[in-house]
Amino acid sequence: MNTKKISVKYTSEELADAYVHPSILSPAQKKEAGNQLKAARAKVQAEITAEDKLTSDILQLRFRLEDYLSNGAFNPKLKFSYFLKAYVQLLNKKRKVFAREINIDETELSQLINDHRSPSENIIIRLELHSNKAIPAIAWYKLIEKEKEHYIITNKTIRKREEKNVSNRLAVAID
Amino acid sequence: MALIKVKTREEQKVKIVPVEEEDYKALTKKRYHFSWKSFKGHANVAVYKLQIPGEDDILGVMALIDFPRESRIEISLLACSLENVGENKTYEGIAGNLIAYAGRLAVKRYGKNACLSLVPKTRLKKHYIDKYGMLDAGWQLFLEGKVLNDIILKYLL
């Protein structure tokens, strides 16, 4: 069905509800459109509130986290510690202040951020509450789980160490 | 991410994923209004489809162009499948979900500087503004800052 036919068959509202098909602009109009958009965006950015900036930042972090979790591959750079650091940074608060807000010691927060300790369930629940559910506890949990899964699959040292604790292994080989 | 089934008002969960090579056979001009095949192999255009999880049918499709230097993504084309256009449509919310998803991509890439834009047909401009809260920039409409966050929150979260 061509554009003229659908324009007759449907109302403007129905078309806008179903299609985006752009106007074809001349080179001069394109240039004008670019300048208009630039000016309009500058006005929006000048008036944007701190709350809206924070919402955008939180959404960005959440989407990066969600997409990382839904992508199967483990990335050693994108651990719990990395996302926690990003969360604290976007709040634009001193670590000491944030540690107090989730009722943990500043040293414990530094250890979490520097990947020197794993978070407890309490911590990930507190992070969910602190973000007003913008980043749910289950997302933090899945991050830790992804790290653990990678560790279990790839760690040779632990396999070697545990060999002495296993006897009478199955004779069949399935792997 | 969900649509509303018009007859029953039931919510139907959906997913939006990149179009794959074999999808172009199904994306006919008759059912999706445009020649989507023309985007095949275009490195600077990303095409996404909206589907019900577990089903092959494509309910909506959109083509996006990224302008990294401007922290902006442009909706080049968008279409619902023929049976989802007009007063007798099966589902409502297909275009809204696709637009919000494009906004999600923009915010994920560009954070607080993100912008989503389109070049509308003049007669449809008012409807995009009313329905999706788009801002008027003359030839173009756009979502940025609060209005961009709002459409993402409304449709996707």
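**Ground rules**

I am working on a predicted model, where local features need pLDDT of at least 70, side-chain atom pairs count only at pLDDT 80 or more, and totals for chains, interfaces and linings use all residues. Residues are numbered from 1 along each chain as its sequence is written, while chains are lettered from A and ligands numbered from 1 in the order in which they are written.

For elements I use DSSP runs numbered from the N terminus: helices are H or I with at least four residues, strands are E with at least two. Two strands count as paired if DSSP finds at least two bridges between them.

**Entry: strand E10 of chain B**

E9(B) and E10(B) run antiparallel and are joined by 3 bridges. Asp136(B) has Leu141(B) as its bridge partner in E10(B). I then checked E8(B), which pairs with E10(B) in the antiparallel sense over 4 bridges. There Cys115(B) stands opposite Glu144(B).

Next I looked at burial (buried means 20 or more other C-beta atoms within 10 Å of the residue's own, exposed means 12 or fewer, partly exposed is in between, and C-beta atoms are placed from the backbone). In E10(B), 5 of the 5 residues are buried, so the strand is largely enclosed by the rest of the structure. In a regular strand the side chains alternate between the two faces of the sheet. Here both faces are covered: Gln140(B), Phe142(B) and Glu144(B) are buried on one side, Leu141(B) and Leu143(B) on the other.

**Entry: chain B as a whole**

I stepped back and went through the elements. Chain B has 4 helices and 10 strands, and from the N terminus on they run β-β-β-α-β-β-β-β-α-β-α-β-β-α. The radius of gyration, taken over C-alpha atoms, is 15 Å, close to the 15 Å that the globule rule (2.2 Å times the number of residues to the power 0.38) gives for 157 residues, so chain B is as compact as a globular protein of that length. Its C-alpha atoms fill a box of roughly 35 × 35 × 30 Å along the principal axes. Buried residues make up 45% of the 157 residues.

For contacts I take two residues whose C-beta atoms, placed from the backbone, lie within 7 Å. Of the contacts in chain B with a separation of 6 or more, 55% are between residues 24 or more positions apart.

**Entry: the open sheet**

I traced one sheet of chain B: 3 strands in the order E2-E1-E7, open, with antiparallel pairing. Strand E2 (11-13) and strand E7 (91-92) stand at the edges with a single partner strand each, so one side of each is left without a neighbour in the sheet. Strand E1 (residues 2-5) is joined to E7(B) by 2 bridges, and Lys5(B) stands opposite Tyr91(B).

Is Asn88(B) buried or exposed? With 9 C-beta neighbours inside 10 Å, it counts as exposed. Its C-alpha atom is separated by 28 Å from that of Gly103(B), 15 residues apart along the chain.

**Entry: where B touches A**

I found 43 residues of chain B in contact with 35 residues of chain A. E6(B) gives the most to the chain B side, with 6 residues. E6(B) also pairs with strand E1 (residues 19-20) of chain A in the antiparallel sense over 2 bridges, with Tyr19(A) opposite Ala79(B).

Leaving aside neighbours within four places in sequence, Ala102(B) is in contact with Met62(B), Leu64(B), Ile73(B), Ile75(B) and Leu116(B).
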